[in-house]
Amino acid sequence: MEIGDWGLVEGIVFDIQRYSVHDGPGLRTNVFLKGCPLRCAWCANPESQNLQPELMLAAHSCMTCGQFVTPCPVCWEEAGSADLRIAQLGERPFVCPTGAIHWVGERRSAGDVMAEVRRDAPFYDRSGGLTLTGGEATMQPAFAEALLRLAQAEGIHTALETSGHTQWSVFERLLPHLDLLLYDLKHVDSELHRRHTGLDNALILANLCRIADLPAPKLIVRVPVIPGFNADAASLSAIAAFVLSLGRRVSEINLLPYHTLGKSKYQALGRDYPWDDQPRLTDAEMQRLAAVVATEVAPAGTPVRIGG
Ligand code: SF4
């Protein structure tokens, strides 16, 4: 396949964040792909989980525009199910003056997405670039590969943020086109992992071990620190011990503090927030937990950072 042909590959994108300072070095263009095999109860991007586009309603942004006898928020409540909402309201996003009701997720070609990414390229300097995230970008392997190949061909730094839950054959396709892999590690206890994410961690741990045996790409392990799940010394110490068992291959561990910024999105999707009433961690608590991890990985000298 010629490099230009990769531009024709299509996938579902639900957001593109430009000028981001997260998810990789320098200034990033973060492309969010839809679809994820996990259902983490604390997920901050619930609109990413289903592969297909979804209808969302931010009721507070509705201005009761008068185009319809029954305003969208009232119809939304009365419909009760996602299918009925789509049947009754699916056309309204195209005429809503405020964007209160909107579809999230759009089918786009890799070439079209790259045209948007390319607009940021003058600002990348030497370290910035493209980050594929989601959702779980490996759910759309051909599209992810196309984007990475196109970026690589233009000399753009490439990163992938992943839960690690994908077939090894998908990583085999993507790894040669990556400069950086941001690998989420949520828990080493398989049963706890299954209970709170919907799937056990066997594939995630096995893939991480295989990647650690390879010389590239650069590998950063990221741990979302979630109260009620893994925000305790024993859980994080066990995760750090697993990272230590990979030797010096992991260049950094990032601890990502739990937040509730995605909570309103559940309401906009017509779903309940499944991880309620959890206190946010203080800076002091995060520092203490970071110290626990740093102590565990000290023999390998792996830096531990809060945020990422
Ligand atoms: S189209 Fe938009 S502004 Fe009008 S009723 Fe629906 S959500 Fe409200």
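**Exercise 1.** What percentage of the 308 residues in the protein chain do buried residues make up?

*Solution.* The model is predicted. Count a residue as buried if 20 or more other C-beta atoms lie within 10 Å of its own. Buried residues then account for 40% of the 308 residues.

**Exercise 2.** Check the radius of gyration of the protein chain against a compact globule.

*Solution.* Start with the chain length, 308 residues. Next, take the box along the principal axes: the C-alpha atoms fill roughly 70 × 50 × 35 Å.

**Exercise 3.** Describe the secondary structure and the contacts along the sequence.

*Solution.* The protein chain holds ten helices and eleven strands. Now take contacts between residues at least 6 apart in sequence. Of these, 74% join residues at least 24 apart.

**Exercise 4.** How do helix α8 and helix α10 pack?

*Solution.* Locate the helices: α8 spans residues 233-244, and α10 spans residues 283-297. Their axes lie 8 Å apart, at an angle of about 30 degrees. The crossing is right-handed. On the α8 side, the residues are A233, L236, S237, A240, A241, V243 and L244. They meet L289, V292, V293, E296 and V297 in α10. Sort the residues of this contact by class: ten are nonpolar, one is polar and one is charged.

**Exercise 5.** Which residues come nearest to the ligand?

*Solution.* There are 14 residues around the ligand. Nearest come C62, C65, C72, C96 and A100. By class, the shell has ten nonpolar, three polar and one charged residues.

Definitions and conventions. Residues numbered from 1 in each chain as written. Predicted model: local features only at pLDDT ≥ 70, side-chain atom pairs only at ≥ 80, totals over all residues. Near = placed C-beta within 6 Å. Nonpolar A, V, L, I, M, F, W, Y, C, P; charged D, E, K, R; others polar. Axes fitted to C-alpha atoms, helices over the stretch in contact; angles between N-to-C directions. Helix = DSSP H or I, 4+ residues; strand = E, 2+ residues; numbered from the N terminus. Left-handed = near helix turned anticlockwise from the far one by under 90°. Contact = placed C-beta atoms within 7 Å. Rg over C-alpha atoms; globule rule 2.2 N^0.38 Å. Buried ≥ 20, exposed ≤ 12 C-beta atoms within 10 Å, placed from the backbone.
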